[in-house]
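Subject: Handover of a structure and notes on its features

Dear colleague,

Please find below the structure that I am passing on to you. My notes follow it, and I would be grateful if you could read them alongside the model.

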Amino acid sequence: MDMLTSLPKPRDGDFGKYYNLLALNDPQNWYDFSGVPVLVDLACMRDAMTNLGNDPNKINPSIPVDFVVDHSVQVDVSRSEDALQVNMELEFERNKESFAFLKWGSHAFDNMLIVPPGSGIVHQVNLEYLERVIFNSNGILCPDSVVGTDSHTVMIDGLGIAGWGAGATDLVLTVTQMLRKRGVVGKFVEFYGEGISELSLDDRAIIANMSPEYGTTTGFFPVDRVTLEYLKLTRRSDETVTMIEVYFRANKMFVDYNVAQEERVYTSYLQLDLAEVELCVAGPKCPYDRIPLKDVKADWHSCLDLLSCTNTLNPSVMTGDRLVAKKACKLGLEETRGNLMNQLHQQFQMTRHYYCSCPLWNSKLRRSYSPAPLTRANYRASLLFLLCMHLLARLTSTWTKNQLDKEMMEKMSTSKISGLVVQSIVLPDMFKSTYEAITKGNPIWNKLTVTDTTLYPWDPASTYIPEPKYFKGMPRDLPSPHGMKDAYCLLYIGDRITTYHISPAGSIHKDSLAAKYILDHGVDRKDFNSYDSRRGNDKVMTRSIFANIRLVNKVLDREVHPKTIHISMGEKLYVFDAAMRYKSAGQDTIILAGADHGSGSAGDWAAKGQMLLVSRSFDLSLKLNPWNHCPLKKLPYVHISESSDSQEFRANSS
């Protein structure tokens, strides 16, 4: 039997051929925070190839790579019509060297598309522009799939595309809690049932985006009529949309809720009645610590409350807060929002670009590490909820059940109205104008001048993209792995240590080792930028490992700071300094951790920055991170001896 089957067009001809069995060639998504270190690795691998007498051009991505420069753009200026342009100019001034490196990479490497700064966040660009649903490789069709360097790559699962990364707010928080309780780390979850037909593509993407929070590899929504309507809205061609529908129907993968559904077989099942979902918030530590709204007052802490990139792409959320604010102004609370623009469409046009910048600031909120490191409790909720709470706080210093109910009814009614507003505002031409920058580039990006060379011209003085040393002098034959014995305990940490505890994001603390390194290289404190922007510098990032000021180390009797005890010398040191001292003495070290180690969004340095690690369980972002060069596995035997004296922490393994 012929393994290839023609997929006919509705009138004449065919779209191509498809396999009866899947053959996937997954494209990859990179974004600037995690993608820059990958590109640095590729560049220095070319140097190593040259030094070994081989052709450096052999170092290329073997599958298509879309590199979206998104998280670098910060908001320095706001509430003005030229804010986007001013922020872009400041960002190019700050990150000129990194951006030039990326532009060099777009010319030097095959199979790589660079999406320049200002085009949007990677997840949204993926949904609205990059992903094809059906992948056509030289006339052979197969379902599209994607692997990304950001754990929230899984947002694409809402479009019916299998995606995973290196790892409707009230609904998604409820789903997150349910799945965490069941225990789904490393599992594939598919959402099905009549309720799915009531969810918009935006709502599906929000639920899929939270896969790292509930621990699954993917949270998948199959292709249906809603998928096709979204593809048309985002200006995929009619022929492309028709091909997608015909392909999925031919393979019996299209879900049509107008016909009786076949019984599906899964390894396990969970049921959720959408009518029973209640208003809630997440916090104060983890997104799966869900608190119903009725219990918020009892649980409320002095906290920082921010929007997450969970809601980034949802235009109904983006317009809803404007509707609430507009109504508040009509009721006399004009000072609540400052100089609100009078017309909603003007407000939307002015702000729609900025929601791609929310994740940079708020991704740190997702777990116990936040943009304000001294804030111990953090909650996450929908933007409409936060705005209603803000208005309520302006009116009264106490909350009552009646007031909460009233504010939440306002939120719910506003959500319905905002949906109608979105239908009239979000039109296909908007996507066309937005994504022209991908093919044409923006003016500032186009002005960047880079060398047209196979090898990258490293700048010895660079503090952003210095030449890594880990391939220097690399022999043709790699040394064999060595055993470990009498390892000293570098850290002894508890449960649910997040990727942000391991490798902090955000601002560089003035007293940190990374700050000292940057200062020693002639950089003023005002030009520190962030850990995220300096991920291409291994000297900065290795000094950031376990540098979170909220780290609790049991070796130090649960003191809260990024230090440990050098056991053989009895000296309290920063974790990096202690590790280097052990290394120089030829002594092995081990890290002891509790359950769900590495929870949170993907962190490339969180995965590859740690040494031998023993944990009761690893969370998905760390366990499956594609840049983790040594896969985390159970040791055949580990004996840990622990006494009341911290000097006696030792580990022996066979």
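Helices (H or I, at least four residues) and strands (E, at least two) are DSSP runs, numbered from the N terminus. On that basis, I545 lies in the loop between α20 (538–544) and β17 (552–553). The model is predicted: local features need pLDDT of at least 70 and side-chain atom pairs count only at pLDDT 80 or more, while totals for chains, interfaces and linings use all residues. Residues are numbered from 1 along each chain as its sequence is written, and side-chain values use heavy atoms, with hydrogens and water left out.

Overall content

The protein has 23 helices and 24 strands. Of its 654 residues, 54% count as buried, where buried means under 20% relative accessible area, exposed over 50%, and partly exposed in between (1.4 Å probe, protein chains only). The protein exposes about 30,300 Å², of which carbon and sulfur atoms supply 52%; accessible areas come from the Shrake-Rupley method with a 1.4 Å probe, and for residues only the protein chains shown count as cover.

Confidence

The average pLDDT (the predictor's confidence in each residue, from 0 to 100) is 75, and 69% of the residues score at least 70. Confidence is highest in helix α19 (residues 513–520), at a mean of 95, and lowest in helix α13 (residues 358–362), at 37. Over residues 334–372 the pLDDT is below 50, yet this stretch has 115 contacts in the model beyond near neighbours in sequence; a contact means heavy atoms within 4.5 Å. Residues 301–308 also stay under 50, with 35 contacts beyond four places in sequence. Where pLDDT is low, the predicted coordinates should not be read in detail.

Individual sites

I545 is buried, at a relative accessible area of 8%.

M178, in helix α5 (residues 169–182), is partly exposed at 24% relative accessibility. Leaving aside residues up to four places away in sequence, M178 touches L270, Q271 and L272.

Y269 is found in the loop between α9 (238–250) and β12 (280–282) and is partly exposed, with a relative accessible area of 40%. Together with Y192 and V265, Y269 forms a nonpolar surface patch with about 330 Å² of accessible area.

Backbone and cysteines

Most residues other than glycine have a negative phi. N111 has a positive phi of about 65 degrees, and N529 has a positive phi of about 65 degrees as well. N111 sits in the loop between α3 (96–108) and β5 (112–115) and is partly exposed, at 37%. N529 occupies the loop between α19 and α20 and is buried, at 15%.

The structure holds zero disulfides, a disulfide being a pair of cysteine sulfur atoms within 2.5 Å. C142 counts as buried at 8% relative accessibility, and C489 counts as buried at 2%.

Yours sincerely

Methods: Patches are made of residues with over 30% relative accessible area and no salt bridge: like charges are joined within 9 Å, nonpolar side chains (Val, Leu, Ile, Met, Phe, Trp, Tyr) within 5 Å. A salt bridge is a side-chain nitrogen of Lys or Arg within 4 Å of a carboxyl oxygen of Asp or Glu.
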